[in-house]
Amino acid sequence: MMDTFAALAHGMAVAVQPMNLLYALIGVFLGTAVGVLPGIGPALTVALLLPVTYKLDPGGSLIMFAGIYYGGMYGGSTTAILINTPGESASMATALEGNKMAKAGRGGPALATSAIGSFVAGTIATIGLAFLAPWLVDFAVRFGPEDYFALMCVAFVTVSATFGDSPIRGLTSLFIGLTLGLVGIDKLTGQARLAFGVPELLDGVEVTTLAVGLFAVGEALYVASRRHHTEEKLEPVRGSLWMTKEDWKRSWKPWLRGTMFGFPIGALPAGGAEIPTFLSYSTEKRLTKYPEEFGKGAIEGVAGPEAANNASAAGTLVPLLTLGLPTSATAAMMLAGFQQYGLNPGPLLFAERPDLVWGLIASLFIANCMLLVLNLPLVGLWVRLLAIPQPWLYAGILVFATMGTIAAKPSVVELSMLAGFGVLGFLMRRFDFPIAPVVVGLILGPIAEAQLRRALAISLGDPMTLLQSPISATLLGLALVALLAPFVLKGMGRFKANED
Amino acid sequence: MFRFSARLVGAAVTLTLAAATPAVAQQLELKLMAPAAPGGGWDQTARSMQQALVASAVARSVQVVNVPGAGGSVGIAQFVNSAKGDGNQLMVNGFVMVGALAMNKSPVTLEQVTPIARLTEEIQVIVVPANSPIKTAQDLAAAVKADIAKVTFAGGSAGGVDHVMAALFAGAVGADAKKINYIPFSGGGESLAAILGGKVTAGISGLSEYDGQIKSGKLRAIGVTSEKRIPGSDIPTFKEQGIDLVIANWRSVVAPPGITPEQRKTLSDAVEKMVKSDAWKEILKQKGWEDAYLGGDAFTDFLKKETVRVTDVLKSVGLVKS
């Protein structure tokens with residue numbers, strides 16, 4: 001323990017060198033910028049910067065990459081809240097309540113709780129990274145395919161039960177997503193499914209294309225269609241721009257709970273950032289004292305998922321640094337960054353280059369502080385965006401959505417899909433189907449399928465393997481409880497408020 | 001917005017590098033396609049070539065274009081159709097594309113492109129968890145022969161080099177390659193977790209990917225696929241353990257169809273010059289890639305032979321319908 005403190009102090013000394021501070025600042029700035037644009041994620045940014053940073057010293061450029069990574073997470077939520085366009089799939093849960101808050105003139109508090117929540121979660125998770133990494137990674141490695149499948153089951157149950165006005169609508173959306181998830185080459189046999197001979201479809205449907213199409217394009221079409229009926233009154237600011245005492249009181253618990261979801265799941269090699277954000281959203285919706293506000297802009301629904309999002313980003317670094325195991329696209333690019341300097345992340349890195357590892361961890365703290373300082377004063381500026389006349393604002397959104405999609409994958413097929421998903425998003429909005437479960441289905445469906453089939457291949461087709469693993473059995477039990485609990489509780493009349 | 005500024009940064013870097021090179025720099029302005037997303041092996045190869053070509057004054061400028069999709073199937077289709085006869089374009093490809101084209105029933109094949117040169121290769125390794133009862137390649141061979149379905153191999157995507165290698169291993173030890181229990185994971189990272197967690201019998205990947213775990217003693221390497229032992233390494237080859245398994249994950253560069261012999265020679269010369277440059281050697285050392293330069297007709301022959309070998313294996317494991 002003392003060793004860790006000494007090492008961390010040494011790392012701080014490395015990170016606060018003026019040049020490294022500058023790299024961190026460039027990193028968080030770039031990260032925020034690309035996070036704001038849909039389609040251009042932190043992974044692509046790091047990829048583009050790799051050749052440029054080639055001449056920098058390893059410490060400096062890794063610190064910069066860390067800044068981009070954390071910055072991207074902040075930026076993604078800004079657009080999610082303001083214009084209902086999540087910059088990344090992990091910001092989707094934030095858009096659900098955040099955008100409703102922004103439309104009700106509470107964009108300021110929404111942005112603030114997301115920035116402060118990200119800071120709190122990022123800081124706690126980075127402390128976790130510093131102290132728990134070796135222990136956590138042993139646990140994470142024990143997670144087998146059957147355990148992942150069970151985790152996905154938990155996510156499916158909670159998600160479909162949480163979204164939308166009725167379970168049947170939520171499930172319909174989820175199944176649209178699951179079907180889209182089947183498109184492309186089957187990972188286990190290499191056979192193409194639902195690709196209709198279009199080569200661009202062989203890799204499946206891009207998550208960002210679907211999310212941007214459903215959320216941003218769909219929203220723009222919907223707003224346009226309503227324009228001549230009733231002009232939607234947008235109030236840029238109502239009440240305080242900052243969080244009130246009440247907001248703080250309602251935010252701090254979701255921040256902590258979000259962190260508890262985000263960090264461990266992010267540390268799992270196939271955990272990702274989407275599951276914890278949605279689990280956090282579902283949890284907050286169940287625990288809240290103001291269930292009537294959910295769906296209309298409840299601050300808990302922003303605070304929790306945002307904290308989970310950032311905590312999972314720190315969690316991702318656990319397997320990267322201790323095992324050399326990249327578990328997200330951005331982590332894979334950071335691994336390439338390490339290798340560019342002849343460094344191999346893994347069990348030996350902590351022993352061989354402690355200055356670098358601890359410098360990086362320390363710079364995560366600094367990046368976090370910088371992001372808070374950078375983002376809070378901007379809140380006032382960002383909410384002014386909402387004062388832009390609607391036709392201009394949505395025209396701008398369409399331009400950015402299209403540009404982002406082309407930047408990620410320059411092809412006609414991709415653009416046609418964006419337009420198609422936009423229409424789908426419009427229709428779903430028009431007829432009151434929740435759109436988030438579609439994206440959840442697309443992300444989690446293929447993972448759940450692959451993990452189940454892997455588990456069965458390893459057990460030679462014996463389904464009992466799902467119950468023999470203690471982790472899997474526990475998670476499946478949880479899923480079952482989550483599935484049945486609402487019905488049981490409904491009988492007791494407690495969940496009446498949720499059924500509005 | 002960012003995309004444009006990144007282009008500017010890229011252009012600025014290219015300009016500075018170009019300015020630093022002597023005036024004898026040729027007028028070659030190349031467009032180099034990486035048929036994959038940024039960050040993967042092909043993309044890194046393309047960006048390294050860009051660096052080396054410009055730094056060694058072989059080309060005045062090189063623009064890298066990413067066309068991701070289906071193991072390169074999307075990229076090569078675009079390359080063959082739109083770059084036909086263009087003597088200033090190149091595309092990076094490799095082992096994985098051979099299998100991907102066969103599996104995706106691609107209308108475009110590698111026979112249509114003009115081969116230029118093989119550049120690098122990565123040696124493959126089979127590992128087992130440190131506490132596994134399997135100590136040598138012969139132990140694994142015995143297990144495979146005893147009950148092939150119970151031996152689970154973890155590796156990269158279906159039909160990739162790891163998968164082909166698992167089938168070749170089974171065939172080489174006299175088992176039925178059709179029955180291998182191969183479990184594909186996306187990328188080396190996820191499979192590593194499954195191996196360390198003891199979920200599978202053995203793991204297959206490029207040596208560099210598992211190097212850290214092998215050195216730290218968490219994984220045991222039971223054999224590498226090179227012809228001869230790697231200098232300074234104590235991992236035995238499969239060959240010296242009596243198993244005929246030689247395979248490498250190679251990467252190469254090709255030109256569009258329909259170019260003139262002169263254009264082909266210009267491109268071949270440029271690549272040969274780049275391979276011999278100090279800048280390229282420096283990059284190989286950094287990335288841990290083996291220099292596997294093979295140019296001219298020798299490479300054309302190699303490409304044909306690998307295509308036949310890989311397609312045969314994929315047919316035998318049922319991934320490609322014959």
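Visitor: What makes you say that Ala155(A) touches Ile275(A)?
Guide: In this predicted model, two residues count as in contact if their C-beta atoms, placed from the backbone, lie within 7 Å. Leaving out residues up to four places away in sequence, Ala155(A) touches Ile275(A), Phe278(A), Leu279(A) and Leu444(A). Ala155(A) is also among the residues that touch the most other members of the largest nonpolar core, a set of 255 residues, together with Tyr70(A), Met152(A), Val439(A), Val127(B) and Phe153(B). Helix α5 of chain A, residues 92–142, gives the most to this core, with 23 residues.

Visitor: Why is Ala331(A) called buried?
Guide: A residue is called buried if 20 or more other C-beta atoms lie within 10 Å of its own. Ala331(A), which sits in helix α12 (residues 329–340) of chain A, has 24 other C-beta atoms within 10 Å, and therefore Ala331(A) is buried.

Visitor: How do you know that the buried residues of helix α5 of chain B lie on the same side of α5(B)?
Guide: The buried residues of this helix, which runs over residues 137–146, are Ala137(B), Leu140(B), Ala141(B) and Val144(B). Because they cover an arc of only 105° around the axis, they are on the same side of α5(B), while Ala142(B) and Ala146(B) are exposed on the other side.

Visitor: What covers the buried residues of α5(B)?
Guide: The cover includes, from chain B, the strands β4 (114–129), β7 (202–206) and β8 (219–224), along with the helix α6 (161–172).

Technical notes: Residues are numbered from 1 along each chain as its sequence is written. Chains are lettered from A and ligands numbered from 1 in the order in which they are written. This is a predicted model: local features need pLDDT of at least 70, side-chain atom pairs count only at pLDDT 80 or more; totals for chains, interfaces and linings use all residues. A residue is buried if 20 or more other C-beta atoms lie within 10 Å of its own, exposed if 12 or fewer, and partly exposed in between; C-beta atoms are placed from the backbone. Helices (H or I, at least four residues) and strands (E, at least two) are DSSP runs, numbered from the N terminus. The arc is that of the directions from the helix axis to the C-beta atoms. A nonpolar core is a set of buried Ala, Val, Leu, Ile, Met, Phe, Trp, Tyr and Cys residues joined through C-beta atoms within 7 Å.
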